[in-house]
Amino acid sequence: MKHRILFLTLFLSCFAAVHASAELKRYTVETVPDTEILNYSYVTDLSSVISPQVRDSLNLLCRFAKDSLGAEIAVVTLPGIDTGAYGSLHEFGTELYNTWNLGDKKTERGLLILLVTNPEEREISFVTGYGLEGLLPDVYCKRIQANIMVPLMKQGDYGQGLLEGVKASCGIISGEVLIPESEEDDDWAEALVVIALIFLGVLFIAVAAMRAEKKRKEKMGKSLTCTTCGVKGNMKYDRYVVLVRPTTRSVGKGRYYFICQNCGGENFKDVVIPKDGSGTGFAGPVGGGTLIGGGGDRSFGSFGGGFSGGGGASTRF
């Protein structure tokens, strides 16, 4: 009887393990969506571990890095990769980096931060472009991961770990923060304080911009009358979509979608998008500031054309 129970227990355990493995979504480079093209987002959260607030902050910092530091950063989370097709997560990341062509073609300053969240394979990987290898050498990438990101991620706070990793990377790329030669806690604490001070102002601006955008959408929703039931103002914001992308010569067109909370009908409000004076193809609404993260199909272009030779580092945890 004991042998039967033991056999049944082992059988059920193996079945559960196989079933869980079958349910785990494993990605190849070809199946990872390029969200910068799809949604004006530098964050591709296929593991669904990043809160909307953290995602907004990540997008802000990545936009800041591109506009002010000349570095293009993308953050990707995946439940798992096809381990049969790739020898390591870093190999996967390097191929993804070169498929997306992160970084400007001339400067090659790109950084891909890739996280796998499957408990059996948890790993964080940095892939750097040729132009960042001097500023972010492999040892710096490793220290950021081990000393800043992994402690947070071990507690399950993947989003905050990614945010702190992007902050640290931006601080180093800007030249304002130097990675301590020593790994003593006091040295790292001092470096983290400097990083926090650098981006405190940036994050304050981000919060103000998001609050202003929220108020703008609330005001817009109150002005709409439902085309289905005729009730005015009882609208909930749903998404923003770019209908016509702006160029350096012509304005574009965007559309805010709202759901009537009385009858569930869909309504919308069209807005003009200013000409793209930066040449990036960024599509943001008139008067509302930069839209950071969120849903919708804000198509605005693609990454810059850079390549990586495999620089960076990875850490299992």
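Reader: How many bridges join S5 and strand S6?
Author: Strands here are DSSP runs of E with at least two residues, while helices are runs of H or I with at least four, both numbered from the N terminus. Two strands pair if DSSP finds at least two bridges between them. S5 and S6 (residues 252-260) pair in the antiparallel sense. Their bridges number eight.

Reader: What kind of model is this?
Author: Residues are numbered from 1 along each chain as its sequence is written, and side-chain values use heavy atoms, leaving out hydrogens and water. Local features need pLDDT of at least 70, side-chain atom pairs count only at pLDDT 80 or more, and totals for chains, interfaces and linings use all residues, for this model is predicted.

Reader: Which residue of S6 is the bridge partner of tyrosine 240?
Author: In a regular strand, side chains alternate between the two faces of the sheet. Here a tyrosine faces a tyrosine across the bridge. The partner in S6 is tyrosine 256.

Reader: Which strands are the edges of the open sheet?
Author: The sheet has three strands in the order S5-S6-S7, paired antiparallel. An edge strand pairs on one side only. The edges are strand S5 (235-244) and strand S7 (266-273).

Reader: Which glycine in the S6-S7 turn has a positive phi?
Author: S6 and S7 run antiparallel and share eight bridges. Isoleucine 259 stands opposite glutamate 266 in S7. The two strands form a hairpin with five residues between them, and the phi of about 85° belongs to glycine 264.

Reader: Is cysteine 260 buried or exposed?
Author: Buried means under 20% relative accessible area, exposed means over 50%, and partly exposed lies in between (1.4 Å probe, protein chains only). Cysteine 260 has a relative accessible area of 2%. Therefore cysteine 260 counts as buried.

Reader: Where does helix H5 bend?
Author: A bend is the angle between axes fitted to the seven residues ending at a residue and the seven starting there. H5 (residues 138-154) bends by about 35°. Proline 151 follows within four residues of the bend, which is at isoleucine 148.

Reader: Which residues does serine 169 contact, leaving aside neighbours within four places in sequence?
Author: Serine 169 lies in helix H6. Serine 169 is buried because its relative accessible area is 0%. Contact means heavy atoms within 4.5 Å. The partners are Leu111, Phe126, Leu136 and Ile144.

Reader: What percentage of the residues in the protein is buried?
Author: The protein has seven helices and eight strands. Its residues number 317. The buried percentage is 46%.
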